[in-house]
Amino acid sequence: MRNAREQAEQYARALPTDHGWPPFILVCDVGHAIELFADFSGQGKAYRQFPDRAGFRLYLDDLRDPAIRDRLRKIWLDPHALDPARHAAIVTRDIARRLAEVSKRLEDRGHAPEPVAHFLMRCLFTMFAQRADLLDRGSFTQMLIDARDDPSSFAPMLEDLWSAMNTGGYSLAMRRTVRRFNGGLFAERSAIPLQREEIGELLEASRHDWTEVEPAIFGTLLEQALDPVERRRLGAHYTPRAYVERLVIATIIEPLQREWETQVLGTVERERLSRPAVAIRAVHDFHERLVATTVLDPACGTGNFLYVALELMKRLEGDVLEVLADLGGQEALALETATVHPRHFLGIELNPRAAAIAELVLWLGYLQWQLRNRRTIADPVLEKLDNIATMDAVLAHDRVAEDGTLTNPRRPDWPDAEYIVGNPPFIGKGAAMRSAFGERYLTALWTAHPQINRSADFVMYWWDRAAERLTETGTRLKRFGFVTTNSITQEFSRRVITKRLAAQVPIGIVLAIPDHPWTKATTDAAAVRIAMTVVERGVPVGQRLQIVAEHGLDTDAPMLGFAATSGRINADLSIGANAAAAFALVANDGLSCNGMMLAARGFVLTAAEAHHLLAISPPAATGIIKPYVGGADLVRHLSNRWIIDAYGHDETALRTIFPAIYQHLLMTVKPVRDTNRRTAFKDRWWIFGEPRRTFRPALHDLSRYIGTTETAKHRILQFLPATTTPDHMVVCFALDDGFSLGVLSSRAHLQWTYANCGLIGVARFEQGHRYTKSRIADPFPFPDATPDQRAVIGDLAEELDTARKDVLDTQPDLTMTGLYNLLARLRSGVAFDPVAQDQRQRGRIDILAQLHDRIDTAVATAYGWPADLSDTDIVARLVALNAERHAEEKAGRVRWLRPDYQIARAGLTALPLPRARSRSRRTYPPRHFANRSSRAMRSARLQPSSPICAVAPG
């Protein structure tokens with residue numbers, strides 16, 4: 001039967017990718033029995049005995065049972081109806097809702113949250129115990145019925161029962177002897193008096209079948225129920241079990257399963273007939289290793305990852321014991337005294353209540369499993385394990401000094417484990433971390449982790465610590481897997497991964513899912529998007545999963561479809577050409593920058609305020625009060641806002657020459673700057689926080705420049721007047737020619753952007769991504785176009801820019817985002833309804849599509865590429881071209897984008913050579929220049945006789 005099961009799994013693997021994995025595998029010994037194996041995760045990697053080891057084998061006589069026949073019928077007609085997670089989630093939510101109501105009422109009466117939480121946890125375990133026959137079935141429910149009629153008896157009866165459960169012995173309240181539970185849960189046995197309505201809520205909760213409670217989500221719901229702040233979100237945000245299972249399987253179960261199937265079962269097949277004792281020993285030894293395997297979740301919360309790991313390892317243990325029984329019968333099984341147990345599932349959690357819930361969740365799951373599989377449970381029912389440490393996982397210190405400083409900050413020790421898995425907190429970075437923790441904590445954190453750049457997301461401190469543990473000499477750790485924000489691919493977090501992948505002792509990513517839904521979607525909140533990474537030591541071939549279909553994100557059993565690719569996974573979670581390793585090019589130096597970072601909104605004026613200040617100020621005020629454009633303006637309509645840009649003026653001159661403007665800033669900006677922690681912001685309060693001193697000269701001689709919104713759904717670049725002051729959410733290019741706009745608007749640049757940017761909490765780049773100029777603009781290699789090619793691309797880009805602006809000027813109901821939404825609809829082939837068809841006509845969407853197509857073709861021609869390259873091939877060629885250009889620059893050959901400006905900026909003297917004729921608006925021929933010193937060129941070894949430039953010693 002085991003061989004038949006392996007054959008069935010091979011059949012499942014051979015199915016077409018778009019078919020998906022079947023939820024059930026049935027193995028039939030004709031005329032004798034049917035064995036059922038299920039995997040509802042859709043991954044095909046965890047087929048286990050269904051519903052459990054005690055009931056997965058159906059004999060012919062079992063078919064007399066209507067329930068068995070109904071089970072088989074559903075396997076064929078509605079297999080997912082048998083997924084226990086579906087019904088369990090409903091039961092679990094109802095119980096949590098009732099506990100939340102009791103908790104709220106008690107807190108409204110003045111009871112502190114912590115005692116209430118521990119009291120209710122004891123209540124719910126008592127409910128579980130009676131349903132699991134650890135107490136007499138129905139005895140606690142009857143006590144609640146009696147207490148509802150006489151509420152004053154509730155607390156004394158409950159304290160009597162819990163006292164007996166703590167030590168074992170006779171309970172007057174139950175009028176019978178109860179088992180010894182201990183484990184620390186009932187060491188504190190005080191009960192809070194309840195009113196009739198509150199006892200009624202507990203009574204209804206106790207009537208549920210507690211064997212159907214889903215521990216994987218119960219902890220989260222219980223924490224929400226008991227937390228006054230989180231209670232209003234009860235059931236709205238939690239992680240479906242299938243998502244947790246996906247990471248646990250990849251991190252823990254896959255390597256264990258591989259060892260079991262390839263090594264142990266291989267030995268069994270070779271030795272079972274000739275040397276059965278050797279076969280039994282191989283299975284026994286694996287079982288010993290399995291039950292001793294330790295799992296650590298260093299941000300365990302309420303324990304859902306630990307519980308799912310425990311259950312999946314118990315399922316694997318069921319397979320192991322079944323093989324052992326086949327080989328040696330009950331005699332062999334009798335030798336297996338150890339079992340997969342909560343003591344080997346370790347956690348670190350800062351919140352004491354969440355830590356207590358995590359330990360409770362582990363025990364609930366373990367006892368559920370033991371009871372379903374008819375395993376004996378000895379006294380004491382619970383053990384005091386202390387396997388969940390209540391501490392900060394990323395920062396330890398000796399004490400808090402009088403000024404609040406944390407003394408001797410350092411990285412805390414983590415318990416040894418074979419596997420680390422978890423979901424570190426999603427705090428973010430920068431201002432979000434400072435708001436959550438305060439300046440002193442951050443200073444201590446940075447001191448304890450000097451190898452991590454300060455702009456990395458908070459989750460990366462867990463990722464880096466686990467990576468360090470993975471490469472330590474003599475480490476037990478085999479793999480770690482984390483859920484992180486899907487911004488892990490953005491530059492600052494990516495640096496942490498890059499450093500570890502390229503270390504002297506390298507690690508490699510064996511599974512990457514750059515984007516994945518996380519919390520359950522609701523009517524008022526979208527599902528949070530995350531990334532998953534699983535890592536092991538060495539340089540493995542990894543698998544990258546990309547979601548291609550999503551269904552039922554608002555249900556307890558979401559269905560996701562994946563496309564898989566294999567290869568070496570890069571730090572940006574891509575496979576193939578490593579765009580993240582591209583070099584910043586000297587040719588692009590100084591030509592792109594984010595706009596002004598204000599550090600006070602008082603600089604911004606309405607049109608009326610601007611006109612008033614201009615009217616009462618000297619004419620020179622037009623050099624200070626300027627039109628202002630923000631990121632949102634570029635994708636909607638210009639908002640007609642203005643800004644005070646006093647850069648270049650000292651405080652005295654500003655006050656004496658422009659007193660009205662100074663007064664406005666004194667009222668609206670200075671109070672804000674006085675509270676800023678940065679001394680420079682306080683001292684030069686009338687100047688923008690980041691006035692872009694080094695970038696302003698690049699715009700001096702231009703009448704226009706190119707701008708794009710930093711975070712956007714569509715990557716749209718356009719010309720902006722040089723008189724406009726851009727916000728920091730606008731990425732600016734000091735380029736005014738159509739050729740540059742055309743290249744930056746092309747498919748080549750778009751795919752380069754996708755390869756180097758980060759998602760911003762959405763599923764696909766087309767839904768929202770961040771343009772990081774240091775990773776996208778600085779390394780992007782422009783084509784070495786001929787004059788005619790430059791002219792063609794430039795003319796098309798000028799036409800594109802003019803056409804879009806004409807539409808927005810004449811069609812006030814349309815926006816730039818709206819135009820590109822319609823363009824995406826046109827390209828997808830989705831039919832236009834009458835409203836959209838009208839917008840398509842007025843928005844000239846087909847012309848927009850034609851211009852973009854022609855720009856894409858012209859740019860591909862300028863690169864010397866076929867126009868029909870795949871997205872992957874485009875990125876690969878750009879990565880190769882970047883490396884080629886970087887090598888040229890190291891040899892002293894630079895393909896400047898604006899040589900007239902850049903050569904002087906780099907400290908070089910240009911000697912003009914004959915100009916080539918061209919129809920393009922601006923061309924840049926090769927230059928001869930003399931070296932005078934250059935910060936930008938320090939890494940370049942300038943050589944004479946270059947085909948791009950000749951260098952005369954200076």
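User: Which residues does L367 touch, not counting residues up to four places away in sequence?

Analyst: Contact means heavy atoms within 4.5 Å. On that rule, L367 touches F125, F128, L134, I377, V381 and L382. A note on the source: this is a predicted model, where local features need pLDDT of at least 70, side-chain atom pairs count only at pLDDT 80 or more, and totals for chains, interfaces and linings use all residues. Residues are numbered from 1 along each chain as its sequence is written, and side-chain values use heavy atoms, with hydrogens and water left out.

User: Which residues touch the most other members of the largest nonpolar core?

Analyst: In soluble globular proteins, nonpolar side chains tend to be buried together. A nonpolar core is a set of buried Ala, Val, Leu, Ile, Met, Phe, Trp, Tyr and Cys residues joined through side-chain atoms within 4.5 Å. Buried means under 20% relative accessible area, exposed over 50%, partly exposed in between (1.4 Å probe, protein chains only). Here the largest core has 114 residues, and F119, F125, L158, L202, I252 and L367 touch the most other members. Helix 11 (residues 304-333) gives the most to this core: 15 residues. Helices (H or I, at least four residues) and strands (E, at least two) are DSSP runs, numbered from the N terminus. Another core, of 68 residues, lies apart from it, with A579, W752, Y863 and L897 among its members.

User: Where does helix 9 bend?

Analyst: Start with its length. The expected span of a helix is 1.5 Å times one less than its number of residues. For 31 residues, a straight helix would span 45 Å, but helix 9 (residues 241-271) spans only 39 Å between its end C-alpha atoms. The bend at a residue is the angle between axes fitted to the seven residues ending there and the seven starting there. Helix 9 bends by about 50° at I249. Of its 31 residues, 23 are buried.

User: Is T126 buried or exposed?

Analyst: T126 counts as buried because its relative accessibility is 0%. T126 sits in helix 4 (residues 113-131). A polar contact is a pair of N or O atoms within 3.5 Å; within protein, one must be able to donate a hydrogen and the other to accept it, and residues adjacent in sequence count only if both atoms are side-chain atoms. The T126 side chain reaches the backbone oxygen of R122 at 2.7 Å. Leaving aside neighbours within four places in sequence, T126 is also in contact with L135, F140, L161, W162, M165 and F186.

User: How many aromatic pairs does a search of the whole structure find?

Analyst: Rings of Phe, Tyr and Trp (its six-membered ring) pair if their centres lie within 6.5 Å; planes under 30 degrees apart count as stacked, over 60 as edge-to-face and the rest as tilted. The search finds 26 aromatic pairs. One of them is F40 with F50, edge-to-face, at 6.0 Å centre to centre and 70° between the planes. Both F40 and F50 are buried. The rings of F119 and F154 have centres 6.4 Å apart and planes at 85°, so that pair is edge-to-face too. Ring pairs link F119, F125, F128, F154, W162, F181 and F186 into a cluster.

User: Which peptide bond from F50 is cis?

Analyst: Most residues other than glycine have a negative phi, and most peptide bonds are trans. The bond from F50 to P51 is cis, with omega near 0°. A cis peptide bond also joins D379 and P380, with omega about -5°. As for phi, L573 has a positive value of about 65° although it is not a glycine.
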